[in-house]
Amino acid sequence: MLYEREEHISQLSELIARCQDGEGRAALITGPVASGKTALLNAFTERAARAGAKFLNASGSPSEQDLPLGVLSELMRAAGLPALPAGEAIPGQRLSAPVVLELCRPLLDLADSLEAPLVICVDDAHHADAASWQCLLFLVRRLRSAKVLVVFTESAGVVSRLPLPRAELLRDGRCRHLRLDMLSARGVGAALAAELPVAFARRFAADAHAFTGGNPLLLRGLLDDNHASRGSGVDELDEVRVGACYREAVLACLCRGEPVLFDVARGVAVLPEGTDPAELVGVEPEVAARALQSLNVIGILGNGRFRHPEGSAAVLRSIDEPSGRALYLRAAASLNAKRASAGVVARYLLNAGAAEDTWAISALHETAEQALVDGDVDLALDCLQLVLRSDADEWQRAATAAMLARVEWRSNPAGAMRHVDAVTAAVRGGFLDARHAFAPVNWLLWFGHDDAAREVLGELDRSSAQLSPHAAARLRSLRTLSEYLYPPPSGVSADVRPAGEDSVSANLWLHATSLLEGVFAGGAGVRVIAGAEQVLRVSRLDERTLMPNVVSLITLILTERLPSADFWCELLVGEATEAHEQTWRGLFSALRAEIAIRRGDLRLAETSARTALTAVPGRSWGVGIGIAMGVLLQASTALGSLDAAAELMQAPVPEAMYRTPFGLGYLRARGLYHHAAGRFDAAFEEFQLVGRLMTKWAMDLPALVPWRTDAAKALLCLGQVSRAHALAAEQLRLCCPAGTGSRAVSLRVLAATSELAERPALLNKAVDALQGYDERLEFAHALTDLGRTHQALGDAGRARVMLDRAQHIARQCGITGGITGALDRSPEFERHGPDFAEEPWPGLPAESAVDELSDAERRVAVLVARRLTNRQIAGKLFITVSTVEQHLTQIYRKLKVKSRVELHGADVLSA
């Protein structure tokens, strides 16, 4: 690394030329540590040796600075001269003039005996011992007529223990002072170009200079790193590689300097930017300031910080474990005393692997709490595990257990339950404040332990006088939520419901739970919808806002604002995914599946439900699994995958789910499956159960589950038109003004139970209600019913337009086969009116033969008797055409008929 050193070599060559003429000279080469002084000296000596000069070399060493005449003895040995007499020098005492003359005479005699100059080189002269300096200065003073050149090197910025010899040397007129600087950017570029492709050198010279500060030793390490990259098969370097060789060079630079440089460098590597390392490393501020200046000059630091992260990494790796632990603990204590943030202090405690004092545990708790808010679960877990390894008191350990469970909940709710007994006991014992005590309520409710959850809420109620206003509001909200989630037989009591809040800023939890009250109290108007959207708009997803976001989404679903709900839910799924929050991702994916099934997007509903069930392991899904499982079962049924739906029916679900509103959707999906499979009685029983629960819980809201129209459809298939008509009319009366889908399906079923002439008006209202709303599958059903009605009225053209449009929309929803409507009825029904289906079924005389038919075969035979085609029968019973044909084969055999014509007409099948 002799770039930009030509002038220095030239001056040294001039000095040796004067020596050749009998004019002795001296030179002092000064430069920062690792600036290339030794490389310059070696290059000069090689050049002078080729000219015949005689060289003697010696080096000063910090470890030998107290060894009298150590450097002079090294020169004697290099010259092959006899060893110095022992006892000529005593540490701390100056030599007498006669002794100095006697010691130097062999060297002077050697110079006189040579024709060529004698060059004496002392590297790192600032580390030479006092006695050797006394002799070397004696030689310099006698250089006037000697063919001797004495060259010293010293490191700039080093505080020498012997400052006077250097000052005396520089006062001598025969000594020339040569100063070495670090390489410029141009010099670095030249070094790169000499060993690496020129294009690379031009492109990255500035980066290389920035990483090294022009330090030749660091640059050598950088070059070796990039040589290694090319040697490993990298054809073209696209950046400056900084690796092991650079790290070794950093440590080499520090080892060449004063010991304080290494100490201060460690302090800089450990402490945050802008922090004085003096106190940490135990040196005076002025000493630390001087060391920092030297590290900047050397090129390891730039503006007080490491020029490259690998430099800091090298220094940190050089610290042994006990020293590192003590260093990080001192740093944590110092930063805590200076009121640094808990997060900063905690990271030093984590590096130390210890937390010995109350302030340390408090910092770890505070950092874990903030990490949970920020979604940094790994950091929270590290902080809490360190507390458990420390000597924490009972209060601290209780809080730690509660927070650990909260961390585990984010990825594996089932794992969090192993902490619930300890945390609940801590609540009873008064060892947890409200901030931590609320968490077990959520876990217990999630897994169906509602009695235990109410017990914890009761404990908190008894200490409510000590709660902050925010905590008291959250407690009220939790109690309300627990009653909506596990409704008592009489429904949610008025004294539990929080007062409605006009502003989100009043309290997010209270505001969210007041939205539920508004929905179930029949006030699902503009205020409730706007309030839900406001919560979603202003609250960034974190642990504190999870519940308000979920409740607000459910509010939008129950008020049938599905496009808005889908927009916000998609954002929340994305935020949960980005934050790697699997439980949250599963929950919001399940809600998105619910939204998709209501909008008629069957494929998205199926995909989102499967995503939810994959994100959260089965045993970690508590009662909320009813959402995802219900949607998946409903989507599979609607898509005609009855075998897949049958398998889903066998999957276990928590028994507690049936005591929550989450079980309602699942029960409805079971009923829809039975209906599609032709088991109308079983379907009706499921829908009736849903209705009984909703009525019992005072949650009889069509937008929650439209159980009346579901039951009415089953009754239609069972021939009980009047009952179906009454249920549809009642649901229409209960629909909220903002409802669209629930109102439309009520109108459709009402039309199916009305006279033919009354149907167009009802169905047009259903179609109009869905205009502008993205509930495509319900829209397709409404168009299908309207098309069938026009068909029955003889308006084939209008019927075809409606049916084609319905079929197109159904395909968009994922339905590839035909789509049926509530009006998929027989000609006899059209002729006889709404009471026909409740009259006794016509039948064959041979009742014993009819009795041989299975339930499925009997349903097919009835529909054949009503002159439906095989395709119409398949669509109505949600089976394939092939299955219809197989049933017909068995029907012909058992009833001893040869064709479907023999089944047409009245008196075919008895009830």
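1. Let's start with how α28 passes α29: the crossing is left-handed. Bear in mind that this is a predicted model. Helix α28 covers residues 562-578 and helix α29 covers residues 582-599; their axes come within 9 Å and cross at roughly 155 degrees. That angle is over 145 degrees, so α28 and α29 are roughly antiparallel to each other.

2. If you want to look at the contact itself, the α28 side includes Leu562, Pro563, Cys569, Leu572 and Val573. Across from them, α29 brings in residues including Trp584, Phe588, Leu591 and Ile595. There are charged residues here too, among them Asp566 and Glu570 in α28, and Arg585, Arg592, Arg598 and Arg599 in α29. By class, the contact has 11 nonpolar, 2 polar and 6 charged residues.

3. On to the sheet. This one is open, with 5 strands paired in parallel, and the order reads β2-β3-β4-β1-β5. The edges belong to β2 (54-59) and β5 (175-179); each has a single partner strand, so one side of each is left without a neighbour in the sheet. On average, neighbouring strands are turned by 15 degrees against each other, direction ignored.

4. Have a look at the β1/β5 pair as well. Strand β1 spans residues 25-31 and runs parallel to β5, with 5 bridges joining them.

5. Finally, check helix α3 (residues 70-79), which lies across β2 and β3 (118-123). Relative to β2, α3 runs at about 145 degrees.

Definitions and conventions: Residues numbered from 1 in each chain as written. Predicted model: local features only at pLDDT ≥ 70, side-chain atom pairs only at ≥ 80, totals over all residues. Heavy atoms only, no water. Pairing = 2+ DSSP bridges. Helix = DSSP H or I, 4+ residues; strand = E, 2+ residues; numbered from the N terminus. Axes fitted to C-alpha atoms, helices over the stretch in contact; angles between N-to-C directions. Contact = heavy atoms within 4.5 Å. Parallel < 35°, antiparallel > 145°, perpendicular 65-115°, else oblique. Left-handed = near helix turned anticlockwise from the far one by under 90°.
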